[in-house]
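Here is a short briefing on one protein chain. Have the sequence and the model side by side as you read.

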Amino acid sequence: MSISSIITDERDRYVTYFENAAREAKAENPDSVSEILISLNNEEIPFPYRYFRADVLGETSNGTTRALELWLDPREGAEGRAFDLGPVVLEIHPFTWCGVQIGFDRQLSDESLIGDFLDKWLDLEDAAYNRGEPLSGAIHSATQIETDGTFWFLTIDFGTASADALLDLLDILVNDGASRVMVASQAKQ
């Protein structure tokens with residue numbers, strides 16, 4: 001399998017799950033909405049990390065607002081693959097689209113590379129919805145980059161974004177000089 005087909009398969013698996021789960025939630029509560037963009041009211045969290053899309057937001061029977069986080073574990077029995085792409089090795093371990101952990105072996109030359117990526121793929125203008133699309137086609141959230149001193153990491157809920165979102169991110173990391181990039185996810189505990 002190619003890198004693109006592995007990523008596309010996992011994206012499609014999650015989006016099918018997402019559509020079914022959101023439909024079930026809306027059947028239970030017709031006032032529920034999915035993929036609503038929310039900004040945390042916390043200036044200590046830098047832009048654009050303070051933005052996220054709630055998978056499903058609705059009211060419970062007692063009238064309180066509840067956000068439903070949809071989660072699909074990585075495929076059981078899936079095996080990882082390594083791709084030697086010349087100056088870079090890309091490792092794709094079992095992962096889930098709603099919690100992709102990306103590790104890379106070189107600090108970014110400029111953190112705005114990730115900021116610009118997130119700004120584009122979070123779709124802060126709700127362009128897809130404004131065009132009448134049923135899904136946002138956007139990522140839902142991202143963590144800030146952390147390091148253990150050797151590797152740098154971030155986790156992204158790619159939501160209903162196309163496979164191009166992850167491919168774009170991998171391209172950014174490789175073009176910025178990473179020689180080893182890992183894609184993985186953990187099962188929900």
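**Salt bridges and backbone features**

R53 is buried, with a relative accessible area of 2%. The model is predicted. R53 pairs with D126 through a side-chain salt bridge (2.7 Å, N to O). D126 sits in the loop between α2 and α3 and R53 in strand β2, so this pair ties together parts 73 residues apart in sequence.

**Other salt bridges**

- The structure holds eight salt bridges.
- E91 and R180 meet through their side chains in a salt bridge (2.7 Å, N to O). This pair links distant parts of the chain: E91 is in strand β5 (residues 89-92) and R180 in strand β10 (residues 180-184), 89 residues apart.
- E91 is buried at 14% relative accessible area, whereas R180 is partly exposed at 32%.
- D176 forms a salt bridge with R106, with the closest N and O atoms 3.7 Å apart. D176 lies in the loop between α4 (163-175) and β10, and R106 in the loop between β6 (100-104) and α2, 70 residues apart.
- D176 is buried at 13% relative accessibility; R106 is partly exposed at 37%.

**Backbone features**

- D126 is a non-glycine residue with positive phi, near 55 degrees. D126 is partly exposed, with a relative accessible area of 22%.
- D123 also has a positive phi, near 50 degrees. D123 lies in the loop between α2 (112-122) and α3 (127-130) and is buried at 14%.
- The peptide bond from F47 to P48 is cis, with omega near 0 degrees. P48 lies in the loop between β1 (33-39) and β2 (51-59).

Conventions:
Residues are numbered from 1 along each chain as its sequence is written. This is a predicted model: local features need pLDDT of at least 70, side-chain atom pairs count only at pLDDT 80 or more; totals for chains, interfaces and linings use all residues. Side-chain values use heavy atoms; hydrogens and water are left out. Helices (H or I, at least four residues) and strands (E, at least two) are DSSP runs, numbered from the N terminus. Buried means under 20% relative accessible area, exposed over 50%, partly exposed in between (1.4 Å probe, protein chains only). A salt bridge is a side-chain nitrogen of Lys or Arg within 4 Å of a carboxyl oxygen of Asp or Glu.
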